[in-house]
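Keep the viewer open as you read.

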Amino acid sequence: MPTRTAALDAGAQLAPAISRKARLHVVSGKGGTGKTTVAAALALALTAGGHKVLLIEVEGRQAIAQLFDQPALPYEERRLATTPGGGSLWGLAIDAEQAMIEYLDMFYGLKRSARGLKKMGAVDFVTTLAPGLRDVLLTGKVKESVTRTESDGHHAYDAVVLDAPPTGRITKFLDATKEVASLTKIGPINRQSDGVIKLLHGSQTAVHLVTLLEEMPVQETIDAVGDLTANGFTVGSIVVNRARPALIEASMLGPDNAVDPKAIAAGLRKANLPPALAPSLAEEMTAYADRLELQAENAARLDAVDIPRITLPDLNPPVELGELNELAACFLSTPAPAGIDA
């Protein structure tokens, strides 16, 4: 059954870094930064105010289903959650083979023939042999989801969030259709290609980059901003995930962030705790202070990138549903208390 969440107030507004004008929000990040969790949290936030949102994954990991404690998603849109004010979140795991069958049927009426090709293994062969074609099929289905309209003329979804491939190949993934468009000068595939290119490069699409405040993820994020911008994509925000809170006062730190075990022992005695714990605690505190220092240095590196930033709290994976609501509230300018009702 869909989960009803109380994390989002019906009147909540999105944070300034997240534009309602964008109908497609692409979420990328270096592997291990938590981009899927961030994509899900952003999608939940976008449902605020009674909006209908689709969350898409394209890497075949069924990570969305795991996050929402649901069975593996088939190649169809399934409701994942409802939110206060009448909002709803839907999920779709795009399969390249199924997308190809749908593609052939949509433009050439070859659904039955495509199924025969699938049984022979030809579809899998083609999508594996030509990874660029696979990306074309995936982005084509994303475009269809964004632009689809109902009988009343309204869009099927108010917004679509794409849990995209990592930053190392995000630009190539988004530009796959542009790369192969020259092969089809006329016809329906050409028109579809033009539509995908215009959507991804237009104002309706925003790319959000997820990072940790660590050297490699930050550098990859900075590189991705430059690469995406140079290729005509709009970077909406940088999302700093799992930011550690400052739990140690500067007055407790000596040179090289060293913590005096004697001061810790005195505090332990006052709390009626064994002073013998002081050396281990002092060592842990020094290590934590070192990590905070590195975190501050990497945050300063991001300051040089003129992109809005959203910071999420330090929640250790795997993230529970209630915690997902807490993260969703970070994308709102008027966050409401987190909570979930079955």
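Arg 61 counts as partly exposed, at 42% relative accessibility (buried means under 20% relative accessible area, exposed over 50%, partly exposed in between, with a 1.4 Å probe and protein chains only). Its salt-bridge partner is Glu 59, with the closest N and O atoms 3.8 Å apart; the term covers a side-chain nitrogen of Lys or Arg within 4 Å of a carboxyl oxygen of Asp or Glu. Glu 59 is partly exposed too, with a relative accessible area of 29%.

Before going further, a word on what you're looking at: this is a predicted model, where local features need pLDDT of at least 70 and side-chain atom pairs count only at pLDDT 80 or more, while totals for chains, interfaces and linings use all residues. Residues are numbered from 1 along each chain as its sequence is written, and side-chain values use heavy atoms, with hydrogens and water left out.

Back to the charges. Arg 61 and Glu 59 belong to a network of salt bridges that also links Lys 35 and Asp 163. What is the N to O distance between the side chains of Asp 163 and Lys 35? It comes to 2.8 Å, in a salt bridge. Asp 163 sits in strand 6 (residues 159-163) and Lys 35 in helix 1 (residues 35-46), so this pair ties together parts that are 128 residues apart in sequence. Helices here are DSSP runs of H or I with at least four residues, strands are runs of E with at least two, and both are numbered from the N terminus. Asp 163 counts as buried at 2% relative accessibility, and Lys 35 counts as buried at 8%. As a general point, side chains of opposite charge can pair when their charged atoms come close. The structure holds 11 salt bridges; another one joins Glu 144 and Arg 148, with the closest N and O atoms 2.8 Å apart. Arg 148 is partly exposed, at 23% relative accessibility.

Now for the greasy parts. A nonpolar core is a set of buried Ala, Val, Leu, Ile, Met, Phe, Trp, Tyr and Cys residues joined through side-chain atoms within 4.5 Å. The largest has 40 residues, and those touching the most other members are Leu 24, Val 26, Ile 56, Ile 94, Leu 162, Leu 174 and Leu 228. Leaving aside residues up to four places away in sequence, Leu 174 touches Val 26, Leu 200, Val 207, Leu 228 and Phe 233, where contact means heavy atoms within 4.5 Å. A second, separate core has 38 residues, including Leu 46, Ala 48, Val 210 and Leu 324.

Gln 295 is placed in helix 12 (residues 278-303) and counts as buried at 11% relative accessibility. Not counting residues up to four places away in sequence, Gln 295 touches Leu 213, Ala 243 and Arg 244.

Finally, zoom out. The chain's secondary structure comes to 13 helices and 10 strands, and 47% of its 342 residues count as buried. Among contacts between residues at least 6 apart in sequence, 72% join residues at least 24 apart.
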